[in-house]
Amino acid sequence: MIQDMLQSSPGMGNFVIFFILGLVLLLIVLGFVTFSILAERKVMGYIQLRHGPNQVGGRWGLLQTVADVLKLLLKEDIIPKLADRPLFILAPIIAFAPSFMVLATIPFTENFQFADLNVGLLYYVAISGMTVFGVLLGGWASNNKYSLLGGARATAQMISYEIPLVMSVLGVILLSGSLNLNEIVEAQKNGWFILLQPIGFIVFFIASVAELSRTPFDLPESESELVAGYHTEYTGFRWAFFMLAEYVYLFAMSALITVLFLGGWMAPFGFLDFIPGSVWFSIKFFFVLFVYLWLRSTFPRMRADKLMEFAWKVLLPIALGNIFLTALIKSLFF
């Protein structure tokens with residue numbers, strides 16, 4: 001495990017190894033972001049009977065996202081004259097940094113994990129919640145009413161859906177008896193938690209879509225009402241940081257769902273267990289990713305008041321009921 005490598009190389013060597021591994025993870029994540037943007041465009045094109053990218057990089061448009069990234073890096077960096085300059089500059093960094101930090105505790109395979117924390121799930125929830133500060137600061141510092149409304153919407157939405165999101169995984173914690181993500185995977189040796197916790201999974205998945213601000217819950221950046229929401233005034237690489245945070249969280253959330261509900265790297269019910277764990281994890285991971293892309297191509301945007309009502313009046317009571325039901329079943333049958 002990577003954590004063992006770091007412990008066996010104290011001092012400066014430890015720092016060098018940590019830096020190299022962090023750089024490798026960053027490159028992997030950036031590669032995923034490039035791939036996922038292209039995949040999203042192609043999936044949306046297929047579902048909506050369009051071609052999608054098909055010019056730059058051959059008939060599949062493989063280099064279209066690369067061209068878009070280069071365009072963003074070369075664009076002029078504009079900061080509004082009346083904006084709060086320090087906060088305006090800091091906001092994209094605050095939004096992006098937590099999205100990368102949460103990847104440290106996710107076990108991609110039995111032997112590939114950066115930090116095996118006893119409270120790995122709690123760490124993920126706590127760190128991911130910090131992104132809302134970057135979004136709110138970006139909307140406030142822009143000195144733009146559309147941006148401010150987008151930041152306020154994002155804050156209300158993320159706080160509201162964070163509660164059913166956390167409540168929905170309490171059933172998993174009750175069944176596994178741990179907050180350690182590796183132990184949660186091991187607890188699914190005889191059955192995935194998506195089968196034992198179907199209600200919790202549905203609540204978690206819906207809340208995760210809202211946490212990612214993806215359709216049909218993309219109210220913070222709804223272009224028909226707020227131009228682009230909290231990042232209206234951002235250009236070039238600063239705007240790219242907000243988008244990078246969104247897609248890195250897409251990576252992290254797909255991986256977390258794979259770990260919590262789909263058995264992580266483990267083969268289903270021991271079937272075909274000779275296939276490497278990395279292959280099983282990848283299959284499950286990309287399936288979850290496809291569902292996220294599918295939803296964006298299918299559903300219309302919800303109304304803001306209906307969005308908030310759905311969190312407090314529907315998801316939260318269901319999540320609470322699932323906790324009581326899980327506790328009852330465990331006390332009676334386990």
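Rings of Phe, Tyr and Trp (its six-membered ring) are taken as a pair if their centres lie within 6.5 Å, with planes under 30 degrees apart called stacked, over 60 edge-to-face and the rest tilted. The structure holds 21 such aromatic pairs. This is a predicted model, in which local features need pLDDT of at least 70 and side-chain atom pairs count only at pLDDT 80 or more, while totals for chains, interfaces and linings use all residues. Residues are numbered from 1 along each chain as its sequence is written, and side-chain values use heavy atoms, with hydrogens and water left out.

**View 1. The stacked pair of Phe96 and Phe100.** The ring centres are 6.4 Å apart and the planes lie at 20°, so Phe96 and Phe100 are stacked. Both residues belong to helix H4 (residues 85-101), where a spacing of 4 residues separates them by about one helical turn. Helices (H or I, at least four residues) and strands (E, at least two) are DSSP runs, numbered from the N terminus. Phe96 is buried at 13% relative accessibility, whereas Phe100, at 22%, is partly exposed. Buried means under 20% relative accessible area, exposed over 50%, and partly exposed in between (1.4 Å probe, protein chains only).

**View 2. The edge-to-face pair of Phe108 and Phe281.** With ring centres 5.8 Å apart and planes at 75°, Phe108 and Phe281 form an edge-to-face pair. Phe108 lies in the loop between H4 and helix H5 (120-128) and Phe281 in helix H13 (residues 277-298), so the pair ties together parts 173 residues apart in sequence. Phe108 and Phe281 are buried. They belong to one aromatic cluster, whose members also include Phe32, Phe251 and Phe285.

**View 3. Packing of helix H12 (residues 236-261) on H13.** The axes are 9 Å apart, at an angle of about 125°. Axes are lines fitted to C-alpha atoms, for helices over the stretch in contact, and angles run from 0 to 180 degrees between N-to-C directions. H12 and H13 are therefore oblique to each other; angles under 35 degrees count as roughly parallel, over 145 as roughly antiparallel, 65 to 115 as roughly perpendicular and the rest as oblique. Contact (heavy atoms within 4.5 Å) involves, among others, Phe251 of H12 and Phe281 and Phe285 of H13.

**View 4. Packing of helix H6 (residues 131-141) on helix H7 (residues 145-176).** The two axes come within 7 Å and cross at roughly 160°, which makes H6 roughly antiparallel to H7. Among the residues that meet are Val132 and Trp140 in H6 and Leu148 and Met158 in H7.
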